[in-house]
Amino acid sequence: MDFEDNLDLEEFLFVDRQCRKCLRTLALVDHFYKTRPDRGKNMSAYSYICKQCTVKRNAAYRKKKRQWITDYPDW
């Protein structure tokens, strides 16, 4: 019996990651954005904040930016 036959590649690959914002453990490929398209399929190619938290952060930033523009005094 060979030692290599008993190993499964899935055991060594990281398929889950914990979001730094919401602290949920999610599937790496499905729930995290890639940092750059040319990074490949390495674990380090994906961000540490999930897609849902990223969307919420961007929406809040755009809302804050839009509010600043509308608060400009109209003489």
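Where does Tyr48 lie? Tyr48 lies in strand E4.

## The model and its layout

This is a predicted model, in which local features need pLDDT of at least 70, side-chain atom pairs count only at pLDDT 80 or more, and totals for chains, interfaces and linings use all residues. Residues are numbered from 1 along each chain as its sequence is written, and side-chain values use heavy atoms, with hydrogens and water left out.

The chain has four helices and four strands. Both are DSSP runs numbered from the N terminus: helices are H or I with at least four residues, strands are E with at least two. Along the sequence the pattern reads α-α-β-β-α-β-β-α.

## Surface and contacts overall

Buried residues make up 15% of the 75 residues. Buried means under 20% relative accessible area, exposed means over 50%, and partly exposed is in between (1.4 Å probe, protein chains only). The chain exposes about 7100 Å², and carbon and sulfur atoms supply 54% of that area. The areas come from the Shrake-Rupley method with a 1.4 Å probe; for residues, only the protein chains shown count as cover.

Contact means heavy atoms within 4.5 Å. Of the chain's contacts with a separation of 6 or more, 28% join residues 24 or more positions apart.

## Around Tyr48

Tyr48 counts as partly exposed, at 40% relative accessibility. Not counting residues up to four places away in sequence, Tyr48 touches Arg17, Gln18, Cys19, Arg20 and Phe32. The C-alpha atoms of Tyr48 and Phe32 are separated by 7.3 Å, and the two residues are 16 apart along the chain.

Two arginines lie over the face of the Tyr48 ring. Arg17 is at 4.2 Å from the ring centre, and Arg20 is at 4.3 Å. A charge sits over a ring if NZ of Lys or CZ of Arg is within 6 Å of the ring centre and within 35 degrees of the ring normal.

## The nonpolar core

Which residues form the largest nonpolar core? It has eight: Cys19, Leu26, Leu28, Phe32, Ala45, Tyr46, Cys50 and Cys53. Such a core is a set of buried Ala, Val, Leu, Ile, Met, Phe, Trp, Tyr and Cys residues joined through side-chain atoms within 4.5 Å.

Leaving aside neighbours within four places in sequence, Cys50 is in contact with Cys19, Cys22, Arg24, Leu26, His31 and Phe32. Thr54 sits in helix H4 (residues 51–70). Thr54 is buried, with a relative accessible area of 11%. Beyond its neighbours within four places in sequence, Thr54 is in contact with Tyr33 and Ile49.

## Cysteines without disulfides

How many disulfides does the structure hold? The structure holds zero. A disulfide is a pair of cysteine sulfur atoms within 2.5 Å. The closest cysteine sulfur to that of Cys22 is in Cys19, 3.6 Å away, so it is too far for a bond. Cys53 is in no disulfide either; the nearest cysteine sulfur, that of Cys50, is 3.4 Å away.

Cys22 is partly exposed, with a relative accessible area of 30%. Cys53 is buried, at 12%.

## Two loop residues

Leu23 is in the loop between strand E1 (16–18) and strand E2 (25–27). Its phi is near 65°, a positive value in a residue other than glycine. Most residues other than glycine have a negative phi. Leu23 counts as exposed, at 56% relative accessibility.

Met43 lies in the loop between strand E3 (32–34) and strand E4 (46–50). Met43 is partly exposed, with a relative accessible area of 28%.
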